[in-house]
Amino acid sequence: MPRKYSIEVIPTPPRHTPIGKFEIERGADCINCGRCAIVCIYEVHKRQEEDLRSMAEPVEYRCKGCFSCIQECPRATLTIREGTDYSRLGDSYWTPEIINTNWYQAETGKIPVSGAGYRGPFSGEGFDSMWTDMSEIVRPTRDGIHGREYISTVVEIGRKLPAIKFDSHGEIVSHIPPTLNVPLPIIFDTLPFGAAKHFDPTFLKFDENVYGAMAKAASDLGTFMIVNAGDGFKSEGHRGQSSHIIPHISDLTSHSFDADWIKACKMVELEYEEDVLSVVNEVKTLNPGSIISVRVPFGDNVEGIVEELTYAGIEVIHLYVDRNGKAVNQTRKKRLLIKDMTQKVHGHLVDLKIRDDVTLIVSGGIAMAEHVAKAIICGADLTAIDLPLLFALECRYCKDCQEDLACPVELKDVNPEWGAQRIINLIGAWRNQLIEILGAMGLREVRRLRGEVGRAIFLEDIEKDTFDKVFARRVSYDAND
Amino acid sequence: MPTIKKVPSRFPNEICEIEVQRDISKCINCGTCAKLCPFGVHERKTGYNRVSKPLSYLCIGTSCEDKSFYCVNHCPRGALSLGVSSEYRTIGDYRWTRDLIIGTWKQAETGIPLKGQRYEIGDSGGGFDSISFNFQDNEGRGENGNEDLAHTSGAISTEIDLNKREGKKISIKVPFYGGGMSFGSISLSVMLAKAKAARAWGTFTCTGEGGYPEALKEYDDNVITQVATGLFGVMEDTIQRVKIVEFKYAQGAKPGLGGHLLGDKVTVEVARMREAIEGSSLFSPFPFHSVYSVEDHKKHLDWIKELNPDAIVSVKVSTPTDVDMVAVGSYYAGANIIHLDGSYGGTGAAPDIAKKNIAMPIEYAIPKVHEFLKQEGIRDTMTIIASGGIRTAHDALKAIALGADGVVIGTVELVALGCVRCGNCESGRGCPRGIASTDPELSKAIDLEWGAQRLINLYAAWRSEIVEVLKRFGMKSIKELVGRYDCLIENHEITQD
């Protein structure tokens, strides 16, 4: 049995005062009786240190919304409302809850646990229209994250042979393609914003600190990080971490990349275009042992492109959608979602019997640990994440930086050590959640989760199976697909 | 039938929708409002010069606008106004909307069901929230609805049988019973309040997995004791004492994960009850380490029946894709009740990822199991009980029309006792409102008598509502509603694009 992989999480508090979910206002007719301070068990209410006769301003970010102080106040002078800054966080896809829960995980390294039942909508788009399965009784003993039995989250990147051939002397004659072992099905993707667009000292600092934190976290975790090869991230300091870096070459024509760097890397990613195969050959000539990934946008004819690339010998295909999990490159009116497209591509490769010839990395809109598990169920081998890494560093997704405004949490000044630990905490918590999902299904390794659509419950299927009959529907639930 | 008594909230400021605002700079403390308001919103206490702060939760809102006692219009200085309270806007979520929470409080206070869709369904956009009753009587629910009912409702039965197989017959007077909540996850007085309400209504409550407190003994005939995977507090004596034993395989909120009582909540009493050490976290593993097959499962059931031949056995499972097979397996192992706990059910603590994602919502599992048991020809000998997101009497009725015999409730009981669903049951000292906590100080917050009466009232309100719906369907018994899909319609018809 391999050595048990574990992620060491260390509580790492944020640098800035957190944005609270609630705002509490103390009215003018407060009589400073201190009842609120007695009933609050979260230390929101305290007396002023310099004058104990008066109550201090409530420490709002600690409030957990139990309403006790509101209801107990003898003057009914406290009011509570949803925090203005909190409700403005992110957007309709990257909701305040998602951002907040990623902050929590980056700080504590713990799985978000709470009391009371689920509070959200019944179902939704994309990943929100599927549930994972569980196994009730018949299966071997396991205890999830507290367990005695090891659940492996290792995935391999690269081409996998269906069988190995031996000659009469028992020597291997098959050419065994290179593979990379990643201890968890998550790698770091290029960042959607904040990175060096021009050689401005601010951006260089961002590169050094933010990418520095990411590179250290990737190296400590044993995973990989994709970096734009044309960008400023070439400083000597990170050359040392080359073994955990995947340079992404987007500009194939000018061949602007640094050949020495390519030689040092285990994997290289190329942006898809018509003559990508010739550049693949060029890179393979430079570094024959490297694994090549081609980055293809999910969109029109993606199955065709993947098929063609796989037959051409490409070992890894990185399929991406936009930040909100929707197709990038699609002419259809209703853009397809990552969940459906991953299933289509995976299914197509299975039909052609070439699924194991290629590794599928899926990215775009992977916002929570559940998305990793669900993308894998839909057919991905692993996922690449971007924004959650920035959330780990306290990013508020205000997008001010995209308009050249100052960052409210000064990401560029992040201490790389601090940042790396926050990312490690986040990934540690995500991995444990993945293990919870696997454990509930009775699976002992994440590789077996890939494409296991039978171990998931899809809204359209279950609606069809049950409610079509209950409501004697004339039109089946999935008829409009 | 148990007596309904009005039991107000234990807080001086009850959270409510309408806020009556008095502009202090305009008010001259003339006391007109106090004289006018028949509901006691305004009051000038004897000996006081000033009128007290308005008790907003007693206000009925603008519905008295045209009456002579409408304070807003009659204030000589125009100092009064009505608005929506900030608390009302803040409380609640998709599943438990502000109106469901406040509505449950009101029913627990008065014992009278509330009218209107906002007190019947939530805002989750699916499942029960997208289903309505297919009433044919077009009668609408007029103001006299309840009075008419008084004449005929006596003849309508809400009783259900829990054992349809051979052996001792057990029935409950209302088609619901209390879900398992362990001592440790909730306080003793909450546990006893639940038991007392169950006895009053001729139904059951369940110990959960945390032992059988001595104080519960007097309610033995209305207690279900749970045997769960950690076997905490399970003794021969506790099995022999009760009429129903519940085998808990999994819980809807955390299917396949087992339980975890954090060390903070393992107080001296909790530790004694569970035969564990104070302050150490207690894991309830998953699954039963001695059950790998239906045969093993039968062995466990035989063990219970050997210890207590009169007991009937309920098997509590969550809702995987093969839940129908699990139900049949339980039947062949000898279970009397299959208790399906849907994935959106309550919990004292569970990973958020599990609550949202693992296993299917109860709305799908009920017809799936109901149909399969029918096909197998065993539907009439197995009792299906559903839980996991039953928030209102309407949810209970919908679950029954989908194919269940009855339901188990949990969260709604805690809401009746003042839970705001803040979700912090598990952290630190536990529930800040003293419901789901064994903290010596916090758990004093809930008085046994107060709590029991709130629950008795809630049950009464639910029963009235159930009777009214049955009457509108022209049914004499709740048993007639089981699996009557034709009584349900979808709020939004599925159409082709």
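How many residues of chain A are in contact with residues of chain B, and which parts of chain A supply them?

Analyst: This is a predicted model, in which local features need pLDDT of at least 70 and side-chain atom pairs count only at pLDDT 80 or more, while totals for chains, interfaces and linings use all residues. Residues are numbered from 1 along each chain as its sequence is written, and chains are lettered from A and ligands numbered from 1 in the order in which they are written.

Between the two chains, 60 residues of chain A are in contact with 83 residues of chain B, where contact means that the C-beta atoms of two residues, placed from the backbone, lie within 7 Å. Several elements of chain A each supply at least two residues to the side that touches chain B, among them helix H2 (68–72), strand S3 (113–114), H11, H13 and helix H14 (459–470); helices (H or I, at least four residues) and strands (E, at least two) are DSSP runs, numbered from the N terminus. H13(A) gives the most to this side, with five residues. By class, the side of chain A that touches chain B divides into 29 nonpolar, 18 polar and 13 charged residues, where Ala, Val, Leu, Ile, Met, Phe, Trp, Tyr, Cys and Pro count as nonpolar, Asp, Glu, Lys and Arg as charged, and the others, Gly among them, as polar.

Strand S3(A) is joined by two bridges to strand S14 (residues 350–351) of chain B, and these strands run antiparallel; strands pair if DSSP finds at least two bridges between them. Within this pairing, Val113(A) stands opposite Pro351(B) in S14(B).

Two of the helices named above also pack within chain A: H11 (residues 369–377) and H13 (residues 416–441) meet at an angle of about 50 degrees, with their axes 8 Å apart. The axes are lines fitted to C-alpha atoms, for helices over the stretch in contact, and angles run from 0 to 180 degrees between N-to-C directions. H11(A) is therefore oblique to H13(A), since angles under 35 degrees count as roughly parallel, over 145 as roughly antiparallel, 65 to 115 as roughly perpendicular and the rest as oblique. In this contact, Ala369(A), Val372(A) and Ala373(A) of H11(A) meet Trp430(A), Gln433(A), Leu434(A) and Ile437(A) of H13(A), and these residues divide into six nonpolar, one polar and no charged.
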